[in-house]
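Dear colleague,

Please find the structure below, with its sequence. My notes on its cavities, its pockets and one of its sheets follow.

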Amino acid sequence: MISLDDIRAARERIGTRLHKTPLMRSTTIAELAGVAHVDLKCEAFQKTGSFKTRGSLNLLSQLDAASRARGVVSVSAGNHAQALAWCSRSEGVSCTVVMPELATQSKVDASRGYGAHVIQHGTGADAFVKARELAEQEGLTFVHPFDDDRIIAGAGTTALEILEQCSQPPDVVIVPVGGGGLISGIAVGIKEASPSTRVIGVEPVGAAVMRQSLDAGHPTRIPTMSTIADGLAAPMAGDRNFEIVRRYVDDVVLVEDDEIKDAMRVLLSRCKILAEPAGAAATAALLSKRIALKPTDRVVALVSGGNVDLSRLKEFV
């Protein structure tokens, strides 16, 4: 299990190559949620439009010469693909990404634009199998999108920024959950530095693999998912991620897709932030009061990504 020192080391590797994303106060969302203070950690403004570059850059910077020469392969619904492609180009490493056949076209196009060789194949679970096959057949280095200590530590650098940007440690930090890379990194970073801060995960009802895993007592898989939040539709909970979530995270709550749409509308109309559905999930849990909060609470909600499918924007907002 990673430590706070691993996260600090990741930040040293990343250095100033990525943005220190803003922490923006929203009085409107605080009033709607019935709490004293709400800050939005705007990872939608990160390089490639999501937090994913943090983990990808941390991992790639630690590859040995042989692994770099072979190139990397991974699997993604979109945001990890874009991040790994951008970071690979920056590091001079060739990058192949397997994406589901129904992946958002704008994310496929962006991944190719950043230099990735994109292969579209089956469902999310099928894409994992295909990526593993390519790694074995072509000698590529497989990069797991969330179940890797280097990915987790990179994501955890977000927590260090939150604690530095807040005037005092927040009472609650709310984080969207897919496979668990972001929440596991943030949970270690927050809890090791501020044990009294509650860390709450949020999943869509139609892709609740971490909630299901916690209830079962072990990492599980979901054969089919149904949610507009493609960035949170991981087919499984990562083994490392599950153990960290079980140890450090206070709760994982579920939100409906309509609640995510409502949150997208509020973020766009009142905060002027265009969030993708996955990026709006934490705000959705806050606005729909899925989390037990006190009126005096100071809350940070992660806006984890902004790579919204513009062809569906009218439907969403």
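Helices (H or I, at least four residues) and strands (E, at least two) are taken as DSSP runs and numbered from the N terminus. The model is a predicted one, in which local features need pLDDT of at least 70 and side-chain atom pairs count only at pLDDT 80 or more, while totals for chains, interfaces and linings use all residues. Residues are numbered from 1 along each chain as its sequence is written, and side-chain values use heavy atoms, with hydrogens and water left out.

**Cavities**

On a 1 Å grid over the protein atoms alone, a cavity is a set of points where a 1.4 Å probe fits but cannot get out; a pocket is an open set with protein on both sides within 12 Å along at least five of seven lines, and lining residues have an atom within 4 Å of a point. Grid points are joined across faces, edges and corners, and a volume is the space filled by probe spheres set on the points.

The search of the whole structure finds two cavities of 30 Å³ or more. The second largest cavity holds about 40 Å³ of space. Its lining consists of His-37, Asp-39, Cys-166, Ser-167, Gln-168, Pro-170, Arg-298, Val-299 and Val-300. β10 gives the most to this lining, with three residues; β2 (37-42) and β10 (298-303) each supply at least two. By class, the lining of the second largest cavity has four nonpolar, three polar and two charged residues, where Ala, Val, Leu, Ile, Met, Phe, Trp, Tyr, Cys and Pro count as nonpolar, Asp, Glu, Lys and Arg as charged, and the others, Gly among them, as polar.

The largest cavity contains about 50 Å³. Among its lining residues are Phe-51, Lys-52, Pro-145, Ile-151 and Leu-182. Two or more lining residues come from each of α3 (52-60), α8 (149-165) and α9 (181-193), and α3 gives the most, with three.

**Pockets**

The largest pocket has a volume of about 1,000 Å³. It is lined by 50 residues, of which Ala-77, Pro-100, Asp-230, Gly-231 and Ala-233 lie nearest its centre. The largest share of this lining, three residues, comes from α7. The lining of the largest pocket divides into 24 nonpolar, 20 polar and six charged residues. The second largest pocket has about 170 Å³ of space, and its lining includes Phe-128, Arg-132, His-144 and Asp-147.

Four strands form an open sheet with parallel pairing, in the order β5-β4-β3-β6; two strands pair if DSSP finds at least two bridges between them. β5 (117-120) and β6 (141-143) are the edge strands, each pairing on one side only. Four bridges join β3 to β4 (residues 95-99), and Val-75 stands opposite Val-98 in β4. Helix α7 (residues 124-138) lies across β3, β4, β5 and β6, running at about 165 degrees to β3. Axes here are lines fitted to C-alpha atoms, for helices over the stretch in contact, and angles run from 0 to 180 degrees between N-to-C directions.

Gly-78 sits in the loop between β3 (72-75) and α5 (79-91). Gly-78 counts as buried because its relative accessibility is 2%, buried being under 20% relative accessible area, exposed over 50% and partly exposed in between (1.4 Å probe, protein chains only). Leaving aside residues up to four places away in sequence, Gly-78 touches Met-99, Lys-107 and Ser-111, contact meaning heavy atoms within 4.5 Å.

Yours sincerely
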